[in-house]
Each structure stands twice: as structure tokens, then as C-alpha cells.
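Visitor: I would like to learn how to read the features of a protein model. Could you take me through this one step by step?

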Amino acid sequence: MEACLKIDVKSIQIRFTPMAVQWLGGTTNIDDHRTISNQALFYDLLGRMRLSPWSDISFRRPQVVQPGQIQISENRLASEWGLTRKKVRGILAKLELAELIYVSSDTTASIVSFVGIHSWTLPTGETQPNPFYKAPRGA
């Protein structure tokens with residue numbers, strides 16, 4: 001997996017906690033012989049972030065997500081990343097502990113909010129604040 005963003009922005013302001021920096025600098029084992037960069041996994045999720053309200057009809061129960069969010073399927077991510085669903089769930093939990101994302105799950109959908117993203121600047125030069133940004137604990 002290549003670490004590149006798929007969203008059309010000029011810049012993104014991200015707040016990294018010390019735990020986020022440490023985790024992003026590491027790797028996740030795919031199997032006994034292969035690893036993947038944690039940074040690539042985070043960038044893949046970040047590249048899916050919506051910049052405007054959106055409903056992805058490829059999901060069985062599509063939800064309207066707001067700017068700064070995405071709808072995910074753990075099974076779909078596991079397939080795309082070549083990992084087990086359990087491992088994907090662990091990665092999402094670590095990203096939450098690192099205060100980069102917040103996952104809201106119920107019986108209909110899982111929504112990821114990018115709480116570590118402060119804002120983004122569009123190609124037009126307009127800066128949009130992220131409505132889901134949360135200042136780090138203790139700040």
C-alpha cells in the first residue's frame with residue numbers, strides 16, 4: 001500500500017500527540033513475513049475523509065457523513081489491507097488512543113471522525129475548520 005492522500009486539499013493541519021507520533025512511526029505485522037507502515041494505514045483512512053456531506057451508496061446501510069468523517073466497514077478494510085478484522089479493530093483502537101480518530105459504531109454503521117485534524121485548506125485557498133477536532137487531553 002502506498003502512503004498517499006486521495007483528497008484534494010492544499011494542506012492539512014494535524015495535531016499529533018506523543019502517542020500518535022510513536023504509533024505512526026511503527027509497523028503492523030500482516031503475517032509472519034510482511035509488515036505495513038502504520039503511517040500508510042492512517043494515510044489510507046485520511047485519504048477517504050470527506051470534505052463535504054456525503055453518503056456512500058456502496059455500503060449496505062449508507063449514512064450521511066459530515067466533513068471530517070468517513071463511513072467504514074471493518075471487513076472491507078481488512079480485505080483491502082490484507083489483514084484480519086480483529087487486527088483492523090486493534091488498529092482503529094490504537095488510532096483512538098492516539099487521539100487521531102474517534103469511531104462511533106452501532107448496528108447500522110461505523111463512522112470515523114478525524115478528531116486530530118484541526119483544519120484543511122482547499123485548492124482555492126479557503127481554510128475549513130474540522131467540526132470534529134478535539135484539543136488534546138490536558139492541553
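Guide: Gladly! Let us begin with a definition: buried means under 20% relative accessible area, exposed over 50%, and partly exposed in between, using a 1.4 Å probe and protein chains only. Helices (H or I, at least four residues) and strands (E, at least two) are DSSP runs, numbered from the N terminus. This is a predicted model, where local features need pLDDT of at least 70, side-chain atom pairs count only at pLDDT 80 or more, and totals for chains, interfaces and linings use all residues. Residues are numbered from 1 along each chain as its sequence is written, and side-chain values use heavy atoms, with hydrogens and water left out.

Visitor: How many of the residues of β9 are buried?

Guide: In β9, 4 of the 5 residues are buried, so this strand is largely enclosed by the rest of the structure.

Visitor: And how do I read the sheet around it?

Guide: The general idea is that strands of a sheet pair through backbone hydrogen bonds, either parallel or antiparallel. Here, two strands pair if DSSP finds at least two bridges between them. In this model, β1, β9 and β10 form, in that order, an open sheet of 3 strands with antiparallel pairing. β1 and β10 (127–129) are the edge strands, each pairing on one side only. Direction ignored, neighbouring strands of this sheet are turned by 20° against each other on average; the axes behind that angle are lines fitted to C-alpha atoms, for helices over the stretch in contact, and angles run from 0 to 180 degrees between N-to-C directions.

Visitor: Which residues stand opposite each other there?

Guide: Take the pairing of β9 (residues 117–121) with β10, antiparallel over 3 bridges. Threonine 121 stands opposite threonine 127, and serine 119 has proline 129 as its bridge partner. The hairpin of these two strands has 5 residues between them, and glycine 125 takes a positive phi near 100° there. Towards β1, the antiparallel pairing with β9 runs over 4 bridges, and isoleucine 14 stands opposite isoleucine 117.

Visitor: What is the strand order of the sheet that contains β8?

Guide: The order is β6-β8-β7, in an open sheet of 3 strands with antiparallel pairing. β6 and β7 stand at the edges with a single partner strand each, so one side of each is left without a neighbour in the sheet. The twist averages 25° from one strand to the next. β8 (residues 110–113) is joined to β7 by 4 bridges, with tyrosine 102 opposite serine 113. β6 and β8 also pair over 4 bridges, and isoleucine 70 stands opposite valine 112.

Visitor: Which way do the side chains of β6 point?

Guide: In a regular strand the side chains alternate between the two faces of the sheet. From β6, Gln69 and Gln71 point one way while Ile70 and Ile72 point the other way, and all are buried.

Visitor: Now the helices. What should α4 span?

Guide: The expected span of a helix is 1.5 Å times one less than its number of residues. For the 13 residues of α4 (residues 85–97) that should be 18 Å, and the end C-alpha atoms are 18 Å apart, which agrees.

Visitor: Which residues of α4 are buried, and which are exposed?

Guide: Val88, Ile91, Leu92 and Leu95 are buried. Seen down the axis of α4, the buried residues fall within an arc of 95°, so they line one face of the helix; the arc is that of the directions from the helix axis to the C-beta atoms. On the other side of α4, Lys86 and Leu97 are exposed. With contact meaning heavy atoms within 4.5 Å, the buried residues of α4 pack against α1, β2 (27–29), α2 (38–46), β6 (69–72), α3 (74–81) and β7 (102–105). Glutamate 99, with a positive phi near 65°, follows α4.

Visitor: What does α3 look like when read that way?

Guide: Its buried residues are Glu74, Leu77, Ala78 and Trp81. They fall within an arc of 100° seen down the axis of α3, so they line one face of the helix. The face turned away from the buried side carries exposed Asn75 and Ser79. Covering the buried residues of α3 are elements including α2, β6 and α4. Just after α3, glycine 82 takes a positive phi of about 70°.

Visitor: Finally, is threonine 17 buried or exposed?

Guide: Threonine 17 counts as buried, because its relative accessibility is 7%. The residue sits in the loop between β1 (11–14) and α1 (18–24). Threonine 17 touches Ala98, Glu99 and Pro136, not counting residues up to four places away in sequence. A polar atom of its side chain lies 2.8 Å from the backbone oxygen of alanine 98.

Methods
Polar contact = N/O pair within 3.5 Å; in protein donor to acceptor, adjacent residues only side chain to side chain.
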